[in-house]
Amino acid sequence: MQLDAHIDDLAAFVAASPSSYHAAHEVARRLQEGGWTLLAEEASWPAEPGGYVVVRDGAVIAWRVPDSAHALTPFRLVGTHTDSPGFKLKPQPTIGSAGWLQAAVEVYGGPLLTSWLDREIELAGRLVTRGGDELLVRTGPFFRIPQLAVHLDRTSSDTVSLDRQRHTQPVFGVGDVAHADLLAHLAGIAGIASADLAGYDVLAVDSQPSRRFGLDQSLFASARLDNLSSVHSALVALLDADGSESGDEPSNGDEPAITVLAAFDHEELGSESRSGASGPFLEDVLRRIRRGLGADEEQATRALAASWLVSSDAGHSIHPNYPEKHDPHVRPLAGRGPLLKINANQRYTTDAHGAALWARSSAAAGVPFQEFVSNNTVPCGSTIGPLTATRLGIRTVDVGVPLLSMHSARELAHVDDLVSLSAALGAFYRGA
């Protein structure tokens with residue numbers, strides 16, 4: 001996919017994925033359009049070669065079993081996550097103060113709170129009926145977290161300090177709370193009676209479209225780049241590798257692998273859920289794939305030992321206004337290639353073998369990459385990589401595109417890095 005088409009497609013993917021639930025369904029929808037088969041977890045799965053996809057809540061796993069697959073065929077996996085920091089709708093969400101109608105929200109993950117002020121926010125997520133039916137819902141621009149005017153706080157132009165409870169409840173109208181019902185509004189959008197709404201997982205998300213800007217339109221600003229940038233790049237790579245498979249042997253001479261995309265939910269919360277990387281979802285899927293190939297326990301263990309996982313999650317570009325926050329010598333810059341993320345304390349899983357794998361994949365794709373390591377005084381975050389490696393014992397390497405403003409309502413990437421990540425992941429899938 002050419003650069004302009006790739007960036008336009010990423011913008012469309014982000015727009016279609018306001019919540020993790022929407023993102024998982026959008027991945028499945030695109031794969032089904034490409035000829036992949038959607039499976040239900042509670043159903044019996046086919047053992048035949050082909051492309052398959054399964055959705056669990058806000059997570060999705062897709063895989064392609066080649067015609068030549070057997071009990072010892074290894075996996076080539078890319079792991080990502082579908083959720084982003086922000087806010088989630090609380091129980092009894094319709095509240096008010098001083099004549100304003102407000103929504104009660106809870107902070108989700110670790111957002112940069114001030115970046116959410118004075119922007120139009122929408123609600124998006126899933127509703128569950130009394131009968132157990134699940135419906136995706138989104139409102140479009142609906143409410144706003146208003147900042148206090150500088151005239152009412154003369155220090156606010158220098159520093160903004162937000163109370164996470166009192167100062168983050170958005171407004172969506174004026175009037176009497178007794179005559180407003182936010183849940184009924186959501187039910188109406190979904191086309192169900194409010195009395196039939198029994199449960200909901202609904203998040204507040206930025207509604208502004210993604211935009212290219214800057215010199216040569218090389219910069220890309222968007223909501224949810226952490227981590228839809230990786231989900232989209234991996235999805236494009238998986239579909240491209242699938243389209244070019246047609247019996248081609250991998251570039252290293254090995255037999256074709258089973259290619260897998262695992263996009264987990266709840267990474268921003270620590271991944272401890274049934275749809276998170278610490279849960280059993282991926283392990284369950286891999287076990288069922290292996291069983292379909294007739295593998296016994298020893299063969300399954302041998303195949304996993306020969307497998308690789310690339311954990312792809314956004315990282316940090318050096319910040320021009322805060323260069324002291326970064327390592328003084330390793331200075332990754334947006335536009336110079338995806339990151340190979342390294343941490344001595346295993347917050348990232350990259351080791352010497354992982355570095356060599358990523359170097360081979362990048363070279364095969366003809367794209368650059370750059371190393372990332374933290375300043376010793378600024379501890380780094382972590383990814384699904386260490387969690388998956390610990391759970392499965394699979395060899396893992398951590399990568400991702402460099403961003404500015406990570407965890408802001410709108411994050412910033414360079415278009416070249418977004419395309420390069422997809423190209424390198426495609427080379428990895430093809431066996432580089």
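Student: Which residues of α7 meet which residues of α9?

Tutor: In this predicted model, L357, W358, S361, S362, A364 and A365 of α7 meet L421, A423, A424, L425, A427 and F428 of α9. Contact here requires heavy atoms within 4.5 Å.

Student: Why is α7 called roughly perpendicular to α9?

Tutor: Two packed helices are described by the angle between their axes and the distance between the axes. Helix α7, residues 352–365, and helix α9, residues 415–429, pack at an angle of about 110 degrees, and their axes lie 8 Å apart. Angles of 65 to 115 degrees count as roughly perpendicular, and therefore α7 is described as roughly perpendicular to α9.

Student: How many residues in the contact of α7 with α9 are nonpolar, polar or charged?

Tutor: The contact of α7 with α9 has ten nonpolar residues and two polar ones, with no charged residue. Ala, Leu, Trp and Phe are among the types counted as nonpolar, and the contact includes L357, W358, A364 and F428.

Student: Why are α1 and α2 called oblique to each other?

Tutor: Helix α1, residues 3–15, packs with helix α2, residues 20–33, at an angle of about 130 degrees, with the axes 9 Å apart. Roughly perpendicular covers 65 to 115 degrees and roughly antiparallel needs an angle over 145, while the rest, apart from roughly parallel angles under 35, count as oblique; α1 and α2 are therefore oblique to each other. Their contact is made by D9, A12 and F13 of α1 together with A23, E26, V27 and R30 of α2, and these residues divide into four nonpolar, no polar and three charged.

Student: What makes the space lined by F264 and A277 a cavity?

Tutor: A cavity is a set of points where a 1.4 Å probe fits but cannot get out, whereas a pocket is an open set. The count comes to one cavity of 30 Å³ or more, and the largest cavity holds about 40 Å³ of space. The largest cavity is lined by F264, A277, G279, L282, E283, T388, R391 and L392, and α8 gives the most to this lining, with three residues.

Student: Which residues lie nearest the centre of the largest pocket?

Tutor: The largest pocket, with a volume of about 820 Å³, is lined by 34 residues, and H316, P379, G381, M406 and H407 lie nearest its centre. Its lining has 13 nonpolar, 14 polar and seven charged residues; Gly counts as polar in this scheme.

Key
Residues numbered from 1 in each chain as written. Predicted model: local features only at pLDDT ≥ 70, side-chain atom pairs only at ≥ 80, totals over all residues. Heavy atoms only, no water. 1 Å grid on protein atoms, 1.4 Å probe; cavity = no way out; pocket = protein on both sides within 12 Å on 5 of 7 lines; lining within 4 Å. Points joined across faces, edges and corners; volume = space filled by probe spheres on them. Axes fitted to C-alpha atoms, helices over the stretch in contact; angles between N-to-C directions. Helix = DSSP H or I, 4+ residues; strand = E, 2+ residues; numbered from the N terminus.
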